[in-house]
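I set out to record what I looked up in this structure, entry by entry. The sequence and the model come first.

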Amino acid sequence: MRADLHSHSTASDGTDPPAEVMRRARAAGLDAIALTDHDTVAGHDAARAALPPGLTLVPGMELSCRLDGHSVHLLGYLFDPADLELSAETAKIRESRLHRAEAMAARLAELGAPVTWERVRAIAGDGVVGRPHLARAMVEAGVIESPEQAFGPDWIGTGGRAYVPRYALDPSRAIALIRAAGGVSVLAHPAVPARGWTIPDEVVVRLAGAGLGGLEVSHPDHDHSQRLRLAALAASLGLAASGGSDDHGSLTGHRLGCETVSPEAYEQLMSGVGGV
């Protein structure tokens, strides 16, 4: 059983449509793939319609959270997408993302970067607008050579010259919303300093007490020592040791299946451990 529980499509900031993500997942030898676009389930129907034989779609979402001024991402699975309270919150987050991206485009222009809001919207298409779309516009305009260069203090990294904050949920509340909608949650990439914050163990302990179901141990940006520490922490708290590629298509080198979850952890999550 090979399951990748973290991927993105053009429904948010990935470069490939949901149908292509499904095709690539099967080509990568996966048995299950979670589509976890940022703050939206808009890609699920297209993914289901294109699901190849032998591949299971795990419906999910990566929910934007904030704790003590730091960004925290929560992966939710198997929740009811029609749940009113969860839907209302994700709509609020998406609206904030839109206004934030427009403001950041304006700041980039003030800093001399020839990036227009119209071009950012065109790159995002129908997807949820995010900073990677701004980064891609900056590459197109010749401001930087690669999207990664945008996420520093000079540009749109947290606290950067063109950075603008946005609305996000407290992670404990996000966990409660996912549980109330019948789902299970996993704390995404908790040990990646490049994302602004290495989440302390005591925070993980607190979130486990709030109903967290799993911890993303296997992630491309976690080194060996981090994985060992996170696996031990997950085991001590009874959390599933999850894993996934965090694939964003060409932005991350088409890496679906480079990280997977163990069959035991997959079954623990899919059985709703930590859910209602």
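**Entry 1. A question to begin with.** Which residue in β6 does Leu-187 stand opposite? I found that Leu-187 stands opposite Leu-215 in β6.

**Entry 2. Ground rules.** I note that the model is predicted, so that local features need pLDDT of at least 70 and side-chain atom pairs count only at pLDDT 80 or more, whereas totals for chains, interfaces and linings use all residues. Residues are numbered from 1 along each chain as its sequence is written, and side-chain values use heavy atoms, with hydrogens and water left out.

**Entry 3. The chain as a whole.** I looked up the secondary structure and found nine helices and seven strands. Helices (H or I, at least four residues) and strands (E, at least two) are DSSP runs, numbered from the N terminus. The C-alpha atoms fill a box of roughly 50 × 40 × 40 Å along the principal axes. The radius of gyration is 18 Å, which agrees with the value near 19 Å that a compact globule of 276 residues would have. That radius is taken over C-alpha atoms, and the globule rule is 2.2 Å times the number of residues to the power 0.38.

Buried residues make up 53% of the 276 residues; buried means under 20% relative accessible area, exposed over 50%, and partly exposed in between (1.4 Å probe, protein chains only). The accessible surface comes to about 11,000 Å², and 53% of that surface belongs to carbon and sulfur atoms. Accessible areas come from the Shrake-Rupley method with a 1.4 Å probe; for residues, only the protein chains shown count as cover. Among contacts with a separation of 6 or more, 71% are between residues 24 or more positions apart, a contact being heavy atoms within 4.5 Å.

**Entry 4. The sheet.** I traced an open sheet of seven strands in the order β1-β2-β3-β4-β5-β6-β7, with mixed pairing. β1 (3–4) and β7 (240–243) stand at the edges with a single partner strand each, so one side of each has no neighbour in the sheet. Two strands pair if DSSP finds at least two bridges between them.

I went through the pairs in turn.

- β2 (residues 32–35) and β3 (residues 56–67) are parallel over four bridges, and Leu-35 has Pro-59 in β3 as its bridge partner.
- β3 and β4 are antiparallel over eight bridges, and Glu-62 has Leu-75 in β4 as its bridge partner.
- β4 and β5 are antiparallel over four bridges, with Leu-74 opposite Leu-187 in β5.
- β5 and β6 run parallel and are joined by two bridges.
- β6 and β7 are parallel over four bridges, with Ser-218 opposite Gly-243 in β7.

**Entry 5. Cover over the strands.** How many of the residues of β6 are buried? Five of the five are, so β6 is largely enclosed by the rest of the structure. β4 is mostly covered, with six of its eight residues buried. I also recorded that β6, helix α8 (residues 224–237) and β7 make a right-handed β-α-β unit. A crossover is right-handed if, with the strands pointing away from the viewer, the path from the first strand over the helix to the second runs clockwise.

**Entry 6. Helix α9.** In α9 (residues 263–270), the buried residues are Ala-265, Tyr-266 and Leu-269. They cover an arc of only 105° around the axis, which puts them on the same side of α9; the arc is that of the directions from the helix axis to the C-beta atoms. An α-helix has 3.6 residues a turn, so residues three or four places apart point the same way. What covers the buried residues of α9 includes β1, β2, β3, β5 (184–187), β6 (214–218) and β7.

Entry 7. Most residues other than glycine have a negative phi. I therefore looked up the following residues.

- Asp-39 has phi near 60°; Asp-39 lies in the loop between β2 and α2 (44–49) and is buried, with a relative accessible area of 0%.
- Asp-68 takes a positive phi near 50° in the hairpin of β3 and β4, which has two residues between the strands.
- Leu-78 has phi of about 65°; Leu-78 sits in the loop between β4 (70–77) and α3 (84–110) and is partly exposed, at 32% relative accessible area.
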